[in-house]
Amino acid sequence: MTAGCSQAAEIAMEVLARPGANILLPRPSYPHYELCAARQKIEIRHFDLQPEIGWEVDLDLVENLADENIVAIVIINPGNPCGNVYIVQHLKEVVETASKLGIVVIADDVYGHLTFGSNPFVPMAVFGSIVPVLTLGSISKRWVVPGWRVGWLVTSDPNGILHKCGFVDSLKDILALSCDPATVLRAALPQILVKTGDNFLKIKGILRQDVDICYDVLKEIPLHFLPV
């Protein structure tokens, strides 16, 4: 467990860091990942998300960017800031590419279960048998409690690759030195995840209404696009 999803990202980068390492980050992306990589002196290489096809990953570019020093690729699904939700076939293509390159997938699932469109949310962890997946998450979004600072980093690796390479031991060592969430919240988390009633989870419908209101207002504002 970590002090929010942000700390989970920081710890993942710290474990993966080594001299000469580089990492693949999406563009556009949540900027915290760039800060975490820079702090650990990991070279950042950006792959593009393609708006014309649902912000899917440009997998050809991913392969062209990769070399022997690539340690991981970050996938944010549901997307932040783009709001996309990847279909299962594209997720499988991403993990197959990661497996081909011999790298870990860092899956930011923090907005999982808060999707409003037709694409169902599929956690990247279901593909752990293809490639090791580090899932980052927290209760801040679904339960609307960002100030509680309760998050997690979960390994999905049924083949034991992360154990064999020493990643899990390094992760435990770093967690032993880091600040934990408040004890009372750590103890409450299993109950929060399993026993939250349906009445509370109706908040998703309220958030959907808020999204629609914002969209209806914003679409009436004239926009002028300038070439980049």
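Helix axes are lines fitted to C-alpha atoms, over the stretch in contact, and angles run from 0 to 180 degrees between N-to-C directions. This is a predicted model: local features need pLDDT of at least 70, side-chain atom pairs count only at pLDDT 80 or more, and totals for chains, interfaces and linings use all residues. Residues are numbered from 1 along each chain as its sequence is written, and side-chain values use heavy atoms, without hydrogens and water.

**Two helices**

Helices here are DSSP runs (H or I, at least four residues), and strands are too (E, at least two), numbered from the N terminus. The axes of α1 (residues 4-16) and α2 (residues 32-39) come within 9 Å. They cross at roughly 35°. S6, A9, E10 and M13 in α1 are in contact (heavy atoms within 4.5 Å) with H32, Y33, C36 and A37 in α2.

**Salt bridges**

A salt bridge is a side-chain nitrogen of Lys or Arg within 4 Å of a carboxyl oxygen of Asp or Glu. The whole structure has seven. The table shows some of them.

| Pair | Closest N to O |
|---|---|
| R27 and D48 | 2.9 Å |
| D67 and R45 | 3.0 Å |

E43, R45 and D67 are linked in a network of salt bridges.

Buried means under 20% relative accessible area, exposed over 50%, and partly exposed in between (1.4 Å probe, protein chains only). R45 counts as buried because its relative accessibility is 18%. D67 is at 27%, so D67 counts as partly exposed.
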